[in-house]
Amino acid sequence: KIILLVWAFISLYCMMWLFLLDIKHTSYKDMTVVICDYRVSRKFYLPIYFLDFILFYIAPLVLAIVLYWMISRILFLNPIHSDPTESNKHQSDGSIGHQQTSDTLTPNSTATSRKQ
């Protein structure tokens with residue numbers, strides 16, 4: 001449903017270009033040149049280009065940054081343990097979300113527990 005809504009929005013948004021552009025034919029002696037040209041003055045297109053830039057570049061970039069930040073925060077605050085008994089030990093100790101402070105990596109550390 002979300003994908004269909006995105007496609008519908010993009011289709012409607014991009015449909016305005018059908019009305020903002022014009023195809024012009026220029027005839028010469030031995031050939032005809034077809035060019036795509038603006039129907040209105042170019043000064044009206046600057047806001048449209050900025051809207052395109054914000055909607056299709058800046059907004060997805062900010063959304064991706066926020067989502068990846070949230071994912072990384074969850075992964076670093078709640079390490080995934082490879083040994084299920086190890087996570088039970090931490091829960092019984094009352095130290096959920098405890099991160100190791102030593103510089104050496106042990107088999108139960110966060111870095112080695114995220115094997116895919």
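Rings of Phe, Tyr and Trp (for Trp, the six-membered ring) are called a pair here if their centres lie within 6.5 Å; planes under 30 degrees apart count as stacked, over 60 as edge-to-face and the rest as tilted. The model is predicted, so to speak of local features we need pLDDT of at least 70, and side-chain atom pairs count only at pLDDT 80 or more, while totals for chains, interfaces and linings use all residues. Residues are numbered from 1 along each chain as its sequence is written, and side-chain values use heavy atoms, with hydrogens and water left out.

**View 1. Trp17 and Tyr45 stack between two helices.** Searching the whole structure turns up seven aromatic pairs. In one of them, Trp17 and Tyr45 are stacked, with 5.9 Å centre to centre and 20 degrees between the planes. Trp17 belongs to helix α1 (residues 2–20) and Tyr45 to helix α2, so this pair ties together parts that are 28 residues apart in sequence. Helices here are DSSP runs (H or I, at least four residues), as are strands (E, at least two), and both are numbered from the N terminus. Trp17 is buried at 18% relative accessible area, and Tyr45 is buried at 1%. For these labels, buried means under 20% relative accessible area, exposed over 50%, and partly exposed in between (1.4 Å probe, protein chains only).

**View 2. Tyr38 and Tyr49 join the ring cluster.** Ring pairs link Trp17, Tyr38, Tyr45 and Tyr49 into a cluster. Tyr38 is partly exposed, at 22% relative accessibility. Tyr49, found in helix α2 (residues 45–77), is also partly exposed, at 37%. Beyond its neighbours within four places in sequence, Tyr49 is in contact (heavy atoms within 4.5 Å) with Trp17 and Tyr38.

**View 3. Ile48 faces several residues from elsewhere in the chain.** Look for Ile48 in helix α2; with 16% relative accessibility, Ile48 is buried. Setting aside neighbours within four places in sequence, Ile48 is in contact with Tyr13, Met16, Trp17 and Leu20. The C-alpha atoms of Ile48 and Trp17 are separated by 10.0 Å, though the two are 31 residues apart along the chain.

**View 4. Strands β1 and β2 form a hairpin.** Strand β1 (residues 21–27) and strand β2 (residues 32–38) run antiparallel and are joined by seven bridges; two strands pair if DSSP finds at least two bridges between them. Four residues lie between the strands of this hairpin. To find your bearings, pick out Thr26, which stands opposite Val33 in β2.

**View 5. A nonpolar patch lies on the surface.** Its members include Phe53, Tyr57, Leu61, Ile65, Trp69 and Met70, and the whole patch has about 1,100 Å² of accessible area together. Ile65 lies in helix α2 and is exposed, with a relative accessible area of 53%. Patch residues have over 30% relative accessible area and no salt bridge; like charges are joined within 9 Å, and nonpolar side chains (Val, Leu, Ile, Met, Phe, Trp, Tyr) within 5 Å. A salt bridge is a side-chain nitrogen of Lys or Arg within 4 Å of a carboxyl oxygen of Asp or Glu. Areas come from the Shrake-Rupley method with a 1.4 Å probe, and for residues only the protein chains shown count as cover.
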